[in-house]
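Here is a short report for a first look at this structure. Please keep the sequence and the model side by side while reading.

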Amino acid sequence: MRIQDFKVVYICPDHNEKYHARKLHMDSMLATLGFKDIVHYKSGTDGWPKCLNDATVTILTTYMNEPILLLEDDVEFTGVSEFEFVHGADAIYFGVSRSAAHPKLDTSRGTSMFVPYSKNHVRVMNMLSAHAVLYITSRYKQAVCDKIRINPLKCFNDIAMARLQPSYRILANKKPSFYQSATFNAPGHEDANTLFTLQ
């Protein structure tokens, strides 16, 4: 399949010059890639991470019954459009990260763990990342929403997701389609952490 076969929703507050530049970048990139069904979700600006958590819950609730590719507004395309869709997967990561979630605290600790799954996929066990995810099943979307709602003021959405990964069939493409660009983040940091392929 191609990533363009899915509805894509991206989160961007678009409330100042910095974030308007991100919105323009996302609109241009997604149109150039050939996505036909593009939704910009204008998130709130009422403090981090609550604004992102609220956006995640609203989007997943709105699209509970259809697969959606959910992107954050700081991603760049790697050049990989083709992927193998796995029937029975609850979600597929189209972007990965080297960072793992702390097992109990709302912070990171250590390196992400991946378990071999197939020729083109690994199973994700504790990864901190939410910048490019294909959400597939309603049961997983509901679980993410429920987990975030427990502590929306403090817990980052990707920490909530990392805690759920062992209990669901959460996969990552070995060749990711997106990474978090240093263009919109600390120089080199996000590229180094999210621009790599899995073995």
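## A pair to start with

Which side chains meet in a salt bridge at 2.8 Å, N to O? Those of Arg 22 and Asp 73. A salt bridge here is a side-chain nitrogen of Lys or Arg within 4 Å of a carboxyl oxygen of Asp or Glu. Arg 22 lies in helix α1 and Asp 73 in the loop between β3 and β4, so the pair ties together parts that are 51 residues apart in sequence. Both Arg 22 and Asp 73 are buried. Buried means under 20% relative accessible area, exposed means over 50%, and partly exposed is in between (1.4 Å probe, protein chains only).

## How to read the model

This is a predicted model, in which local features need pLDDT of at least 70, side-chain atom pairs count only at pLDDT 80 or more, and totals for chains, interfaces and linings use all residues. Residues are numbered from 1 along each chain as its sequence is written, and side-chain values use heavy atoms, leaving out hydrogens and water.

Helices (H or I, at least four residues) and strands (E, at least two) are DSSP runs, numbered from the N terminus.

## Helix α1

Helix α1 covers residues 17-33, which makes 17 residues. From first C-alpha to last, α1 reaches 24 Å, close to the 24 Å expected at 1.5 Å a residue. That expected span is 1.5 Å times one less than the number of residues. The buried residues of α1 are Tyr 19, Arg 22, Lys 23, His 25, Met 26, Met 29, Leu 30 and Leu 33. Seen down the axis of α1, they fall within an arc of 165°, so they line one face of the helix. The arc is that of the directions from the helix axis to the C-beta atoms.

What covers this buried side? The cover includes the strands β1 (7-11), β2 (38-41), β3 (68-72), β4 (75-77) and β12 (178-180). The face turned away from the buried side carries the exposed residues Glu 17 and Thr 32.

## The ends of α1

Asp 14 lies in the loop between β1 and α1. Its phi is positive, about 50°, although Asp 14 is not a glycine. At 18% relative accessibility, Asp 14 counts as buried. At the start of α1, a side-chain oxygen of Asn 16 reaches to within 3.2 Å of the backbone nitrogen of Lys 18. Just after α1, Gly 34 takes a positive phi of about 95°.

Side chains of opposite charge can pair when their charged atoms come close. The whole structure holds eight salt bridges. One joins the side chains of Asp 90 and Arg 139 (2.9 Å, N to O). Asp 90 sits in the loop between β4 and β5 (91-93), and Arg 139 in helix α3 (residues 138-150), 49 residues apart. Asp 90 is buried, with a relative accessible area of 2%.

Arg 149 and Asp 146 also meet in a salt bridge (3.5 Å, N to O). Being three residues apart in helix α3, they are separated by about one helical turn. Arg 149 is partly exposed at 44% relative accessibility, and Asp 146 is partly exposed at 39%. Asp 46, Lys 50 and Asp 54 are linked in a network of salt bridges.

Ile 159 is found in helix α4 (residues 157-164). Is Ile 159 buried or exposed? At 2% relative accessibility, Ile 159 counts as buried. Ile 159 touches Asp 106, Thr 107 and Leu 128, not counting residues up to four places away in sequence. Contact means heavy atoms within 4.5 Å.

Methods
Polar contact = N/O pair within 3.5 Å; in protein donor to acceptor, adjacent residues only side chain to side chain.
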